[in-house]
Amino acid sequence: MTTTPPLCYKRHMTIREQLSQLPSVDECLKSSYGQKWLASFPRKTVLRAVREVIDSKRKEILNGASTDVSIEAVSRDIETVVKKLSAYKLRPLINATGIVMHTNLGRSLLSERALAHVSATARSFSNLEYEIPTGKRGKRYSHIQDIIRELTGAEDAVVVNNNAAAVLLCLDTFAKGREVIVSRGELVEIGGSFRIPEVMKASGAILREVGTTNKTHPADYENALCGDTALLLKVHQSNYRITGFTEEVPLEKLVKLGKEFRLPVVADLGSGCMINLSKYGVHGEPTVQEVVRTGADIVTFSGDKLLGGPQAGIIIGRGKLIRKIQKNPMLRAMRIDKMTLASLEATFMQYLDEEKAIKEIPTLRMLTQPLSEIKRRAKRIFSLLIKDISARSALAVVADESQAGGGSLPEVNFPTFAVSLKPFTISVNELEKKLRLGDPPVIARIKDNALLIDARTVQDKEVKVLVERVKAALS
Ligand SMILES: *Cc1c(COP(=O)(O)O)cnc(C)c1O
């Protein structure tokens, strides 16, 4: 369908006439529309919108374009701009990529229980740094020490803003100006900005690389030991795997070496998996408890990867070392906020009941949900779409694979079901863009010239809106 410009009288008006008919800022504000906007939106926002619209109309007129300058038409444009200016920039969207811990889409979703605890403790005063039994000043970290100890078996714990901060803080506390031995196969980059060599540099520790990319032997560590060695660091190769002719020194061996030479061994675990997921068909990630049992002195992991909580960095390990970290003034600069602390506490508490944790922590639920459930959701999306869009797009439920994301389980593919769309009148790229630019945005992926809506990461409560968005994008 092509639209011809409305054949209206304005064509015959001169530029000067048109300009004179353009409503003024004052007229716009005093109109019934203006009064309505002022009642619902900040005056500043309304004024900015009015000025922007009048300005752009004036430019159109001066460029010789014919434009509707009636108060109704101008007001329609203003209203659109007011709404756009008043909308949050950070907003919810529908993740139809199938990537569960999508770093760009906010990683882990918080559980209802975590949200409730945040809401309850953030809307009133709390004992964040107050000891109720003594009436004295307390420590914010004290609230989650017991639960983390109980769940992980570690002696003590401290939490910071994210795992990058956790690693940085450990290096700063124990290795400033001294050497840290790391295998070359573990000098990883995670998410673009976290690179072990750079974090090391920022902390003031000196990186002592040992071994080669594919093979590192215990003797490599031993040969690198010197009077300046501060600690041995083992980094989990979160987002990639070296396969083939490879060898790495298991953490157990490093722990033995550390004991022998009286050096702390730090394991940066990344994911923070708290449940042995192989029972649920997800293999390949060591649990935090297993790593603690190896005897590593310090273990660090993220709060919003496999743990499924808020963005946070969890540092657990020997009491003496954790106390040293707590005395580091740098901790203050990385200290965890009360809302994060509340959601972290609630998330950890959920792990006391493993079966409930699997069902109620969204990240775990999405990773372990039975394939039949994903298929049922994909079929539901399909059946809600088929009648309305079959004339505009090919549509099918297809088997595919999703990813864990978040630098976890890089080699594990999760069988999934997706709704595949191949539009007839627009390109797949256009459909992807329309869905992305909609409200709420729907983020899907393109594969083999089809748009795939992966049912693994679509929430049941989002299905209706998703279907509306697809219909609108294809109409
Ligand atoms: C993800 C990851 C980090 C960084 O954690 P953030 O919580 O994103 O700061 C550090 N180390 C490893 C091994 C990781 O996988």
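Contact, as used here, means heavy atoms within 4.5 Å. The model is predicted: local features need pLDDT of at least 70, side-chain atom pairs count only at pLDDT 80 or more, and totals for chains, interfaces and linings use all residues. Residues are numbered from 1 along each chain as its sequence is written, and side-chain values use heavy atoms, with hydrogens and water left out.

**Overall architecture**

- The chain contains 20 helices and 16 strands; helices (H or I, at least four residues) and strands (E, at least two) are DSSP runs, numbered from the N terminus.
- The C-alpha trace extends over about 95 × 55 × 45 Å along its principal axes.
- Among the contacts in the chain with a separation of 6 or more, 75% involve residues 24 or more positions apart.

**Surface and charge**

- Of the 475 residues, 49% count as buried, where buried means under 20% relative accessible area, exposed over 50%, and partly exposed in between (1.4 Å probe, protein chains only).
- The accessible surface comes to about 24,200 Å², and carbon and sulfur atoms account for 52% of this area; the areas come from the Shrake-Rupley method with a 1.4 Å probe, and for residues only the protein chains shown count as cover.
- There are 70 positive and 54 negative side chains, and the centres of the two sets lie 4 Å apart. Lys and Arg count as positive and Asp and Glu as negative, while His and the chain ends are not counted; each charge is placed at NZ of Lys, CZ of Arg, CG of Asp or CD of Glu.

**Helix H18**

- Helix H18 (residues 371–389) has 19 residues and reaches 26 Å from its first C-alpha to its last, close to the expected 27 Å; the expected span is 1.5 Å times one less than the number of residues.
- Its buried residues include Ile374, Arg377 and Ile381, and the cover over the buried residues of H18 includes strands E13 (393–402) and E14 (414–423) and helix H20 (463–474).

**Helix H7**

- In helix H7 (residues 142–152), the buried residues are Ile144, Gln145, Ile147, Ile148, Leu151 and Thr152.
- Elements covering the buried residues of H7 include strand E4 (156–160) and helix H15 (338–350).
- Glycine 153 follows H7 and has a positive phi, near 85 degrees.

**Proline 92**

- Proline 92 lies in the loop between helix H5 (71–86) and strand E1 (94–96), and is exposed, with a relative accessible area of 67%.
- Beyond its neighbours within four places in sequence, proline 92 is in contact with Pro440 and Pro441.
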